[in-house]
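Student: I am new to this structure and would like to learn it step by step. Could you show it to me and take my questions?

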Amino acid sequence: MPQQTQQVWEETLSKIQGRVSGRQFETWFRRMHPVDIGADSLVLGIPAAFYREWIEKHYLTILQQALNETFGRDVKISFVVDAPQHKQLSFDWQARSHESALQQEAPLTTEIDIFEPLQLNDKYVFEDFVVGPSNRLAHAAAVAVSESPGRTYNPLFIQGSVGLGKTHLLQAICHAVRRRDPSVRILMLPCEAFVNKFIAAVQQGSTMDFRNRCRSADMLVIDDIHFLANKERTQEEFFHTFNALYNAQKQIVLSSDCAPHEIPTLEERVVSRFKWGMVANIEPPCFETRAAIARKKAHERGRELPNEVALYLAENIETNIRELEGAVVKIIGYASLINKEISMETAKEALRDVLQRGRRVRMEDVRNAVLEYYKIKPSDLKSRSRSKSVAFPRQVCMYLARKHTNCSLEEIGSFLGGRDHTTVLYAEEKISQEYQKNPQVKHDINLLSKKLTQGA
Ligand code: ADP
Ligand code: MG
C-alpha cells in the first residue's frame, strides 16, 4: 500500500478518534485498513462480513464525514472482507460481545481455492426458466453458449436489473455444460468473491498462483461484474485474466445490473472488451410472462395456481421476479397452514401484508414525482454529476424510495444509475438530518410524501 494512502487513512482515523468512544474506535475503526484508493473512492478492508453491516448502521456518517474532510470532497466508500491481515490480531471478544447482535463468526480460513466446488442451485436450469419477449434474446444466447462454449458469443454479457434472472441463466449455462462434459473446469464466482480472493492473494503474496489458477479455467463465469466499480486494482487483474482466457478461446460469461459503460470507473479498454461478444439485455417481464412464471414457481413446488390467482399476482407484482416467487411461496405456505385449496381468497389473505398497504408505491412513482418537483431530467438522476441542483434531488429520491417502496438498497441504487447500497444509505441519513434541520426541506419532503402515498 503506498505510503500516501496509509497517511490519508491515519489522518482520517485521528479525526474519528475524537468522535467515538475508545472502545468503539478500537473495535471498529482500528480493524479497518485501506485496500484500494481512487481519486474520490476508497475501498476499506474489514475482517468479517458483519463489520460492513454494523459500520453502515452505526458509524457510516462519522466515517463518511471524516473521509470527506480528509479528501476535501465526497468520497465513495466500499468494503471488502479481507481477513488475512487481521489473522494475527487477537479478536477482542469482550468488546465484541459488548456490541451485541453480532452472530457471525470471523472467517479464519485464508486458503484461496478458487475452484472450490461450484455452488449451483439445482433449480436454476434452463428447463425451469420461463421464456418471454423480455428475456428471449438473453436466453437464446445463453443456450447457444452452453452448447458450444467459446465458439458463439464470447464474452456473453447479460445485463438486467435486480431479480430478473441473471444468476438463473448463468447457472443454467454451467449446469448444461457440466451435464455434457463433467470434466470442464468451470470457474464460477460472484464478482465480490473474485475481488475478495484477489485481495487475499495480494496480501499473501500469492498473486502469481491466483493468476495461474484463474487462467487454467476452461470457462469463466462471473456474476454481478458491476461490483468491479471503483476497484481499479482488481479491474487490472481481471483484465489480464480476461485476455488470457479469451485468447485461448475459453468461454467467458458475465452478468451486470447495468451496461458495461455504465459501470463507474470501469476502464475504457475493459468496457470495450465486454462488448466484443454479445451484450444481451433482460427487461422486466410482461404481464403474460409474469403470470406464467407464477404458475411455474407453484408447479415446481407441487401445487397449481388457479388462473385468476396467477393473474392477480402478475397484476400486482411488476418489477421483480424474486418478489413474485416470494409471493407464490407465501400463498402455498398459507394455504397448507390453514389446510385449504389455493383460491383468490386464500391468496389475498396470504398477501395482505405485502400488497394491501394502500396503493403500492413503485420506484418509478418516486422518480417521476422527484423529476417533476425539482424540474430535472431523468438522465440527471442517473448521472454522476455532483452539482447540488441534481445531487440533492437524487438523494431525496433515494430517501423517498427507502421510505415508501419495498425496494432493497441494491434495487434503489441500481435504479438510480448503478449506485451501490452504501450511497443509498448515506443519502437516506443525510436527508433525514436535513429534514430535521431545514424547514424548507421538511416542507418539500412532506409534500412529495403526501403525493406518493395519497396521490395528492
Ligand atoms: P438476478 O440475478 O438477475 O438478480 P435471479 O437470477 O436471482 O435474478 O432471479 C431471481 C429469482 O427469480 C430466482 O429465483 C429465479 O429462479 C427467478 N426467475 C427470474 N427469471 C425467471 C424466469 N424467466 N423464469 C423462471 N424463474 C425466473
Ligand atoms: Mg443475481
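Tutor: Gladly! Helices (H or I, at least four residues) and strands (E, at least two) are DSSP runs, numbered from the N terminus. This is a predicted model, where local features need pLDDT of at least 70, side-chain atom pairs count only at pLDDT 80 or more, and totals for chains, interfaces and linings use all residues. Residues are numbered from 1 along each chain as its sequence is written, chains are lettered from A and ligands numbered from 1 in the order in which they are written, and side-chain values use heavy atoms, with hydrogens and water left out.

Student: In which loop does Pro155 lie?

Tutor: The peptide bond from Asn154 to Pro155 is cis, with omega near -5°. Most peptide bonds are trans. Pro155 itself lies in the loop between helix 6 (136-147) and strand 4 (156-160).

Student: What is the phi of Asp224?

Tutor: Asp224 is found in the loop between strand 6 (219-223) and helix 10 (232-247). Most residues other than glycine have a negative phi. Asp224 is not a glycine, yet its phi is positive, at about 60°.

Student: Which domains each give at least three residues to the shell around ligand 1?

Tutor: Domain bounds come from an automatic or database domain assignment. For the protein chain, that assignment gives domain 1 (3-81), domain 2 (126-282), domain 3 (287-356) and domain 4 (363-455). At least three shell residues come from each of domain 2 (126-282) and domain 3 (287-356).

Student: How many residues surround ligand 1?

Tutor: A residue counts as near if one of its heavy atoms lies within 4 Å of the molecule. The closest ones are Val130, Gly163, Thr167, His168 and Glu325. In total, the number of residues surrounding ligand 1 is 18.

Student: How far does a backbone N or O atom of Val130 lie from a nitrogen atom of ligand 1?

Tutor: A polar contact here is a pair of N or O atoms within 3.5 Å. Leu164 has a backbone N or O atom 3.3 Å from an oxygen atom of ligand 1, and a polar backbone atom of Gly165 is 3.1 Å from an oxygen atom of the ligand. For Val130 and the nitrogen atom, the distance is 2.8 Å.

Methods:
Polar contact = N/O pair within 3.5 Å; in protein donor to acceptor, adjacent residues only side chain to side chain.
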